[in-house]
Amino acid sequence: MLDSAEPTCLSLSETKEPTITLEREPVPSNEGLSPGRIKAASGGADHLRVSGASPAASAERLSDDAIVEFGRSSASRRLNRRDSTGLLAGAFLVTAVAMLLVLPANRHLSVGALVVSVACYAVAARVQFEFAGGFALPTEGVFVAMWFLVPANLLPLAVCAALLIASMPELARGRMPVDRLALNVVSSWHAVGPALVLGAAGTGAPAWRDAPIYVAALAAQLVFDYTSAFLCTRPVLGVSALGQLKAMAPAFAVDAMLAPLGLLVAFPAYRHPWSLLLLLPVLLLFSTFAKERQQRIDHALELSAAYRGTAMLLGDVIEADDEYTGSHSRDVVDLALAVADRLRLDPRQRQQVEFAALLHDVGKVKIPAEIINKPGPLDAEERAVMMTHTVVGEQMLEQVGGLLGEVGRVVRSCHERWDGDGYPDGIAGDAIPLAARIVCCCDAWSAMTTDRPYRRARPAHEATAELLRCRGTHFDPRVVDALVAVVGT
């Protein structure tokens with residue numbers, strides 16, 4: 001099952017205003033600001049703040065690293081927005097009690113079977129496989145066995161009790177606020193589907209001839225799990241139905257693989273409930289794998305943070321070397337991210353655009369200051385020196401390697417033209433990396449609308465007219481259309 005008490009289901013609902021938090025730092029969104037006046041939240045070349053403040057950035061376009069970081073930091077905070085959570089939790093409790101009173105019991109209640117079932121489910125719920133959309137819990141093996149140990153009309157309440165018990169250690173240590181228990185109640189909705197199917201079918205002992213009923217029960221479980229999670233997520237993140245399905249796919253895969261194991265255990269457990277304890281060694285194995293996975297994620301986040309830190313450091317170096325170039329780069333980042341979101345780029349592409357926009361002028365730190373700060377137009381020799389900054393920037397970033405090495409190849413192409421008349425390689429059209437095409441267009445807009453040492457800034461409408469004039473020659477037409485829509489002129 002998917003633990004909806006974790007990262008993306010309600011993570012953004014916990015803030016007092018629309019924000020996205022990266023590196024545990026809340027950033028107010030730019031919602032409501034004029035698209036043409038998007039500015040960084042504070043000084044310095046902090047691209048994390050710029051990314052978090054992009055007005056069009058939806059949860060579906062955040063990077064996996066950002067979602068994991070936000071989910072981890074939100075797990076210990078109180079819920080400030082309780083409307084959708086409380087409504088779903090209350091609706092579950094009403095439904096579960098109504099089922100207990102109205103739905104016929106398909107088997108006699110055994111207190112021993114109920115106790116061992118709840119205990120084993122709580123243990124399984126303590127094992128969490130972390131991924132970008134939340135946590136996959138290996139509870140399905142126990143849950144399927146519970147179909148035959150607990151009366152169908154009591155099944156949802158038994159699962160809810162187990163999830164609440166599983167949270168008690170965090171609650172006792174002060175790692176989880178009391179109000180987050182409501183999320184455990186919401187997470188219990190998945191038990192309603194199988195209870196309805198099994199109760200209506202009146203199934204008794206496990207039997208292979210009833211396999212179609214069990215498949216229907218599993219399908220009902222996934223439907224209820226998906227629907228409750230979507231209703232949680234939609235009001236907060238605006239995630240689409242397909243986006244929610246993609247986020248929950250890993251958890252559904254875990255459930256589908258563990259369901260047959262639960263059915264096999266159900267045969268001996270039906271007569272001997274303590275047989276359910278046979279699943280504990282498997283859960284211990286899963287716990288080991290989960291810890292190893294968490295360590296790998298920790299290392300990946302540390303590496304990602306190192307890349308981001310390096311990018312910010314280089315951005316600060318640019319600004320320290322030349323204040324205009326530094327502030328110009330931050331403006332280009334804002335515009336480029338807005339265009340990337342307009343074009344609905346995936347998180348990896350969006351991150352590449354962000355880093356390339358921040359670092360597209362990094363090579364200028366090796367250009368002589370007298371050329372950078374010349375008050376008039378450059379002569380041919382000076383221009384030739386200036387045109388080397390993209391290659392120099394690529395070389396600098398390749399020395400860092402990894403993600404920034406990939407960004408270096410984009411930086412090299414940020415002055416290529418759609419018609420092939422750019423530099424340094426003269427490539428054209430789609431041969432130019434999309435991130436470079438976006439940065440090129442946004443770089444030109446920012447340059448035209450900013451005071452330079454040798455001329456005053458041009459009005460926004462004139463800059464827009466120039467972009468449209470060069471649409472299809474200097475700039476990618478699709479990027480121009482997106483940028484014009486962003487600046488709103």
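Which residues are buried in helix 7? I looked this up in a predicted model, where local features need pLDDT of at least 70, side-chain atom pairs count only at pLDDT 80 or more, and totals for chains, interfaces and linings use all residues. Residues are numbered from 1 along each chain as its sequence is written, and side-chain values use heavy atoms, with hydrogens and water left out.

**Helix 7**

I found Leu155, Pro156, Ala158, Val159, Cys160, Ala162, Leu163 and Ala166 buried in helix 7. Buried means under 20% relative accessible area, exposed means over 50%, and partly exposed lies in between (1.4 Å probe, protein chains only). Helices are DSSP runs of H or I with at least four residues, numbered from the N terminus. An α-helix has 3.6 residues a turn, so residues three or four places apart point the same way. I also checked the span of helix 7: its 12 residues (155-166) reach 17 Å from first C-alpha to last, close to the 16 Å expected at 1.5 Å a residue. The expected span is 1.5 Å times one less than the number of residues.

**Trp189**

I then went to Trp189, which sits in the loop between helix 9 and helix 10. Trp189 counts as buried because its relative accessibility is 12%. Leaving aside neighbours within four places in sequence, I list its contacts as Leu88, Ala91, Phe92, Thr95, Phe224 and Ser228; contact means heavy atoms within 4.5 Å. The C-alpha atoms of Trp189 and Leu93 are 9.4 Å apart, although 96 residues separate the two along the chain.

**Aromatic pairs**

I count 7 aromatic pairs in the structure. Rings of Phe, Tyr and Trp (its six-membered ring) pair if their centres lie within 6.5 Å; planes under 30 degrees apart are stacked, over 60 edge-to-face, and the rest tilted. One of the pairs is Phe92 with Trp189, edge-to-face at 5.7 Å centre to centre and 70° between the planes. This pair links distant parts of the chain, since Phe92 is in helix 4 and Trp189 is 97 residues away in its loop. Trp189 and Phe224 are stacked, because their ring centres are 6.4 Å apart and their planes at 20°. Phe224 lies in helix 11 (residues 211-237), 35 residues from Trp189. Phe224 is partly exposed, with a relative accessible area of 26%, whereas Phe92 and Trp189 are both buried. I note the ring pairs as joining Phe92, Trp189 and Phe224 into a cluster.

**Leu101**

My last entry returns to helix 4 (residues 83-102), which includes Leu101. Leu101 counts as exposed because its relative accessibility is 69%.

Conventions. Helix = DSSP H or I, 4+ residues; strand = E, 2+ residues; numbered from the N terminus.
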